[in-house]
Amino acid sequence: MTTILESGNIWQQAATNLNQSTTAEILQLLEKYQMLPQLIKEVVLDEAIAPISCTPEEEKIACEQIAQHYQITSEDVRQRWLEQNNMSAEQLDAIAIRQFKIEKFKHFTWGSDLESYFSQRKPQLDRVVYSLIRTNDIGIAQEIYFRLQAGEQTFAELAREYSQGPEAQTNGLVGPVELQTIHPALAKILATSQPQQLLPPTQLENWIVIVRLEKLLLTQLDNSLRQRLLNERFNSWLQAQMTEQNLKRG
């Protein structure tokens, strides 16, 4: 909502400044101030949600949601907020209803196959907690590995002493983090490991790493993740639409 609201203020100001300009001049100014992509985006969205309607009850919910988002708790607060943002009550309601329609568009378009999309994404969304020691000395890496195998020292002790990354400050412990946020080669190793399995020194770009999976935390498709995945599908679609429009422009 913040982006839509802020862009609304920008367009109001732009419209005031460009009242006497020709279409060509307006386009040149939009290009100059890098506002044309935002305009194209809003036009694409308006076209997408044009067939979508809201019931009076949904419009009421939309207005309540935007009031809650901006902490508008009374009519006095609402009036002050509108004055501060140079906006009328009708404009705020229109923004709220438009955002509600965008959410309905997401659900109508991608909601029915969200479980299938989740199945595709799940391997990257699962989270792991793992222990890591990194060094650029293969001899030290092998010595550390042998000490761990023999139980001479704990992973935490050796990480504090030898690891050359930030994990040295956390006893070598990393996570929980999503597998998709980790280096692909390391993510593949962890995804195929068993908890507490100590892996031998492995070359990972400029580092030699010793890794042990501590926990694998399987992702569940809850309401929060549903919204996140809907937003992913929506943003991918929107990016594709923007790319197509840019190609048309030449």
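**A guided tour of the predicted model**

Begin by selecting strand β2 (residues 173-178) and strand β1: the two run antiparallel and are joined by four bridges. Strands here are DSSP runs of E with at least two residues, helices are runs of H or I with at least four residues, and both are numbered from the N terminus. Two strands are said to pair if DSSP finds at least two bridges between them. This is a predicted model, in which local features need pLDDT of at least 70 and side-chain atom pairs count only at pLDDT 80 or more, while totals for chains, interfaces and linings use all residues. Residues are numbered from 1 along each chain as its sequence is written, and side-chain values use heavy atoms, with hydrogens and water left out.

Buried means under 20% relative accessible area, exposed means over 50%, and partly exposed lies in between (1.4 Å probe, protein chains only).

Move to Leu218, in the loop between β4 and α11 (223-249). Leaving aside neighbours within four places in sequence, Leu218 is in contact with Lys122 and Asp126; contact means heavy atoms within 4.5 Å. Leu218 and Lys122 are 96 residues apart along the chain, and their C-alpha atoms are separated by 8.3 Å.

**Helix α8**

Select Arg147, a residue of helix α8 (residues 138-150). Is Arg147 buried or exposed? Its relative accessibility is 19%, so Arg147 counts as buried. Not counting residues up to four places away in sequence, Arg147 touches Glu152, Gln153, Leu158 and Tyr162.

**The whole chain**

Finally, show the entire protein chain, which has eleven helices and four strands. Its radius of gyration is 26 Å, well over the 18 Å that the globule rule gives for 250 residues, so the chain is more spread out than a compact globule. This radius is taken over C-alpha atoms, and the rule is 2.2 Å times the number of residues to the power 0.38. Along its principal axes, the C-alpha trace spans about 80 × 40 × 40 Å. Of the 250 residues, 36% count as buried.
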